[in-house]
Amino acid sequence: MKVPALTPKRIAIVGAVLGALAFWVALPPIHVRNLAVPVVLAALAAAAGAYAVRAGEARLGWSATVVGFLGLGAGYLATRSSVENLEIVFTWSTLIASMLVFATPLMFASVGGIFSERSGVVNIGLEGMMLMGAFWGIWGADKTGNWVTGVLVGMAAGGFMGVLHAFFSVHLRADQIIGGTAINLLAIGITGYAFVQLYGTENIPAGVSEIPRLQMRFLERIPPDSLGDFLYGAFGRLSVMIWVGLLFVIIAHFLMFKTPLGLRLRSVGEHPRAADTVGISVYGMRYFGVTLSGVLAGAGGAFLSVGVISGFNENMTAGRGFIALAAVIAGNWRPFGSLFFACLFGFSTALAFRLGDAYRDSVAGLDVLAQMLPYVLTLIIVAGVIGKSIPPASVGRPYTKQ
Amino acid sequence: MALLGRSTAIGVGLAAFIFGALDYGTTRGLDPEIFDPTLAGNLSLMIQGLVVLFVGADLLILYLWNLRRKRLASPRVSGRGV
């Protein structure tokens, strides 16, 4: 058997894994209570990272070192904490289930963002499109009494904002960043106004049609028992929209990279003049991309309001559109890449909620502090733990027909 | 804001003045029975959004302006009122 060569890159990756392991061994179900184990693992991680840095693999090496130190800190905290609290926070099946719940709006919005950016239009307005989807989605579900029409109404509202953004940035050649900012302001205004006008001071009435969960009992019967319980807890009772979102990621990947339509969309984003010369309608493709991004962001927003909290608050998306945009960029403008980062943000949000729940009494203010976790993660990722990402060549530049 | 003032110091000041006036005027001193302050606040957000949108789209404004100039210059071709 051939042993893979120990390149600096591989060593750095092993270091990062060891760093993560330093934290993980202190958690359920392993529960190492001795501080020495995380310390040794973290030291190994840091050493591997340092070696990789010296061997010329700077970025990955430093990442491994940082992960090692973070693992040490988190592992230390975990060994000091009581077992019951750890059990509350790190019930892996529930953690994964709520990770998917928090990741789904980001999934929809970032797939939408990819379509828009690949066609060459920066879409800062994702946030506003999500917000429109959230309000009009719950409004539709409330008025028609059916969640399907609600989500469709939300998608239409997001799509309307998408068309607006497309009109201003494609036909009028307005600055796309400014157009997107205007979309965000407009969406906050419209949803806030309509909310007060339509519902007054009381919230959306209870009993709005909810998105059903997909029950998968057969997962429970998978041997061995603990695995079956885990699978059922994590994947057996998820909302239908979550599966639809995952399906959309796969569809988007195929549409983008395996079909003529996707090729045209990407060519319009890379080199519009060349695309125009071979007879592709640049304006048409850009309208398609931006409108689709609005529709998908609207679906994400509608999931947030109809599926998660069954209600609406003013500005309830709370920056999720921007996080979705960060997921697009960090995922290198690829559906599966952004799916990964959407799940990462979802995981940190879920973790933040559970940390806040478990330590509310023992550590004052931790629940508020933990809410910052996803945003800190965004900062770290965007600041460059991830390799250099290459945007579509002509993203943000309006195209003038000749 | 910088765009609204066309990247000049005085312009930015004036633009900020408009937005400030919109914000302040809709949060204080309104009679709730005539115009609900929460409605007014959201309305001013909508107006701000539209202002930013249209300021960004100078092409549209130039187009409309040219239409108007043409109509004023030659009223007979305007199509309205023979």
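## A glutamate and a tryptophan

Let's start inside chain A, where the side chains of E117(A) and W333(A) make a polar contact at 2.9 Å. Keep in mind as you explore that this is a predicted model. E117(A) belongs to helix α5 of chain A, which covers residues 92-118. A second polar atom pair involves this glutamate: a polar atom of the E117(A) side chain lies 3.4 Å from the backbone nitrogen of N123(A).

Is E117(A) buried or exposed? E117(A) is buried, and yet this charged residue has no salt bridge. The nearest side chain of opposite charge belongs to R118(A), 8.6 Å away.

Which residues touch E117(A), once neighbours within four places in sequence are left aside? The contacts are V122(A), N123(A), L325(A), W333(A), P392(A) and V395(A). Two names on that list, N123(A) and W333(A), have already come up: N123(A) through its backbone nitrogen, and W333(A) through its side chain.

Where does the side chain of S116(A) reach? It comes to 2.8 Å from the backbone oxygen of V121(A).

Looking past neighbours within four places in sequence, you will find S116(A) in contact with V121(A), N123(A), G289(A), V290(A) and S293(A). N123(A) is therefore a contact of S116(A) as well as of E117(A).

## A loop with positive phi angles

Now follow the chain to the loop between α14 (320-330) and α15 (335-358) of chain A, where N332(A) is placed. W333(A), the partner of E117(A) in that polar contact, sits in the loop between α14 and α15 too.

What is the phi of N332(A)? The angle is positive, about 60°, although N332(A) is not a glycine. W333(A) also has a positive phi, near 60°, and is likewise a residue other than glycine.

W333(A), at 5% relative accessibility, counts as buried.

Beyond its neighbours within four places in sequence, L351(A) is in contact with V89(A), F90(A), L95(A) and L373(A).

L231(A) lies in helix α9, residues 225-235 of chain A. Not counting residues up to four places away in sequence, L231(A) touches L219(A), I222(A) and G236(A). From L231(A) to W92(A) the C-alpha distance is 10.0 Å, and the two are 139 residues apart in sequence.

Chain B has three helices and zero strands, running α-α-α from the N terminus on. Of its 82 residues, 20% count as buried. Among the contacts in chain B with a separation of 6 or more, 33% join residues 24 or more positions apart.

How many residues does each chain bring to the contact between them? Chain A gives 20 residues and chain B gives 18 residues. About 1,700 Å² is buried between the two chains, and carbon and sulfur atoms give 82% of that area. Between chain A and chain B there are zero salt bridges and zero residue pairs in polar contact, counting pairs with both residues at pLDDT 80 or more. On the side of chain A that touches chain B, α7 (147-171) and α8 (176-199) each supply at least two residues. The largest share, twelve residues, comes from α8(A). Sorted by class, this side of chain A has twelve nonpolar, five polar and three charged residues.

Terms used
Residues numbered from 1 in each chain as written. Chains lettered and ligands numbered in written order. Predicted model: local features only at pLDDT ≥ 70, side-chain atom pairs only at ≥ 80, totals over all residues. Heavy atoms only, no water. Contact = heavy atoms within 4.5 Å. Buried area = accessible area lost by both parts, 1.4 Å probe. Salt bridge = Lys/Arg side-chain N within 4 Å of Asp/Glu carboxyl O. Polar contact = N/O pair within 3.5 Å; in protein donor to acceptor, adjacent residues only side chain to side chain. Helix = DSSP H or I, 4+ residues; strand = E, 2+ residues; numbered from the N terminus. Nonpolar A, V, L, I, M, F, W, Y, C, P; charged D, E, K, R; others polar. Buried < 20%, exposed > 50% of the residue type's maximum accessible area, 1.4 Å probe, protein only. Lys, Arg positive; Asp, Glu negative; His and termini not counted.
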